[in-house]
Amino acid sequence: MIASDERTDMGTVRIVPEVVSIIAGLAAIEVNGVAGMSGGLAGGIVEMLGKKNLSKGVKVEVGEKECEVDLFIVVEYGVEIPAVALEIQENVKRAIETMTGLNVVQVNIHVQGVNFRSAAPVYEEKESEDLRIR
Amino acid sequence: MALIDKIVLAIGGTLILLLALVSLAIVPGGVFVDNVIAFFDYLKVEGQLEAAISGVLFLLISLALFRIIIKHSNGAHIVLKETSLGDIRISLSTIHQLTEEAMRHFNDVQEATKIKLNTSPDGLEVDVTLRVLPDSCLPDLCEEAQMRLKDYLNSTVGIIPKRVRIYVQDVAKEKTLKVE
């Protein structure tokens, strides 16, 4: 990974890939239907040690003017996966381009799992609402 | 599973396996004694029983870790869409999870005992082995399960499986209430 450099009259602005990863991760999890990022075992161990890993599940390749992002995500049960993935691509591209000025050439989405845990109570609530209507 | 995860799991598994072997070696005669009764007599001596138990425990944990490595080593995926912004891919384990869940919500099915996914250039093939509830009409049930799974994967993932094979392995003895 290379840090992105931009020379100005005042000096050099350098954006390290870690920053791009964090921006991408945050932009991805704010999309509805995303349960979280899949950082694998290593990412999990880092979080267990108490360090908040904001770039978990994000791989970036940063060049001087362009960057490429790979996101490993877990989606919520019941969502339409291609639609969620498309929204993530757009949101991540927008966030990185706005915040860093880098041109995002690719945002690859890897759906690694489905989160069923939060889905169960939703069903129960819906069922009880229906019962009340009857 | 990422390479780093495999390395971490492999190191962890190997260390625990070594611990297991060391713990078992502490017990005089180890587990390889011919006379089983004599072995249990040794275990009665103070401290040796704990060593044997911890040895077996470590052995089981290491085996479980190695099983995870083997299970997750196949990081196969399907490309759902190639957009102008990049690829949208889904892992086969996610499709496995979704198939399991679709079958779990199917009334006449108690559980999907085995799910096998095959990818070929022609498309996705899904083999599902089911344990069904009694008093079900099996041909109708299988046809409905096929249709339901196809519809479910199409609406959720956007994939229409090329083939869905349903195998009925067992009929549950009693109707049990399914918690959804």
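Does A:R117 count as buried or exposed, and how many C-beta neighbours does A:R117 have inside 10 Å? In this predicted model, A:R117 counts as exposed because 9 C-beta neighbours lie inside 10 Å, and the cut-off for an exposed residue is 12 or fewer. The residue sits in the loop that joins β6 to α4 (119-133) in chain A. In sequence, A:R117 is 82 residues away from A:A35, while the C-alpha atoms of the two are 10.0 Å apart in space.

Of the 134 residues in chain A, 32% are buried. Among the contacts of chain A with a separation of 6 or more, 67% are between residues 24 or more positions apart.

Strand β6 of chain A covers residues 103-115 and includes A:N108. A:N108 has 20 C-beta neighbours inside 10 Å and therefore counts as buried, since a residue is buried at 20 or more. Leaving aside residues up to four places away in sequence, A:N108 touches A:D70 in chain A, and B:G86, B:D87 and B:R89 in chain B. A:N108 and A:I88 are 20 residues apart along the chain, and their C-alpha atoms are separated by 9.7 Å.

A:I88 is also one of the residues with the most contacts inside the largest nonpolar core, which has 49 residues. With residues up to four places away in sequence not counted, A:A28 touches A:V34, A:M37, A:L71, A:I73, A:I88 and A:V92. Another core, of five residues, lies apart from the largest one and includes B:L9, B:I16, B:A20 and B:F58. In soluble globular proteins, nonpolar side chains tend to be buried together.

Chain B has five helices and five strands. From the N terminus on, the order of its elements is α-α-α-β-β-α-β-β-α-β. Buried residues account for 21% of the 180 residues in chain B. Of the contacts in chain B with a separation of 6 or more, 59% are between residues 24 or more positions apart.

Two helices of chain B, α4 (residues 92-104) and α5 (residues 138-156), pack with their axes 10 Å apart and at an angle of about 130 degrees. The helices α4(B) and α5(B) are therefore oblique to each other, and their crossing is right-handed. On the side of α4(B), the contact is made by B:L98, B:T99, B:A102 and B:M103. On the side of α5(B), B:A145, B:R148, B:L149, B:Y152, B:L153 and B:T156 take part. By class, this contact has seven nonpolar, two polar and one charged residues.

The loop between β4 (123-132) and α5 of chain B holds B:D135. B:D135 has 8 other C-beta atoms within 10 Å and is therefore exposed. The phi angle of B:D135 is near 65 degrees, a positive value in a residue other than glycine. Most residues other than glycine have a negative phi.

Conventions. Residues are numbered from 1 along each chain as its sequence is written. Chains are lettered from A and ligands numbered from 1 in the order in which they are written. This is a predicted model: local features need pLDDT of at least 70, side-chain atom pairs count only at pLDDT 80 or more; totals for chains, interfaces and linings use all residues. A nonpolar core is a set of buried Ala, Val, Leu, Ile, Met, Phe, Trp, Tyr and Cys residues joined through C-beta atoms within 7 Å. Two residues are in contact if their C-beta atoms, placed from the backbone, lie within 7 Å. Axes are lines fitted to C-alpha atoms, for helices over the stretch in contact, and angles run from 0 to 180 degrees between N-to-C directions. Helices (H or I, at least four residues) and strands (E, at least two) are DSSP runs, numbered from the N terminus. Angles under 35 degrees count as roughly parallel, over 145 as roughly antiparallel, 65 to 115 as roughly perpendicular and the rest as oblique. A crossing is left-handed if the near helix is turned anticlockwise from the far one by less than a right angle, and right-handed if clockwise. Ala, Val, Leu, Ile, Met, Phe, Trp, Tyr, Cys and Pro count as nonpolar, Asp, Glu, Lys and Arg as charged, and the others, Gly among them, as polar.
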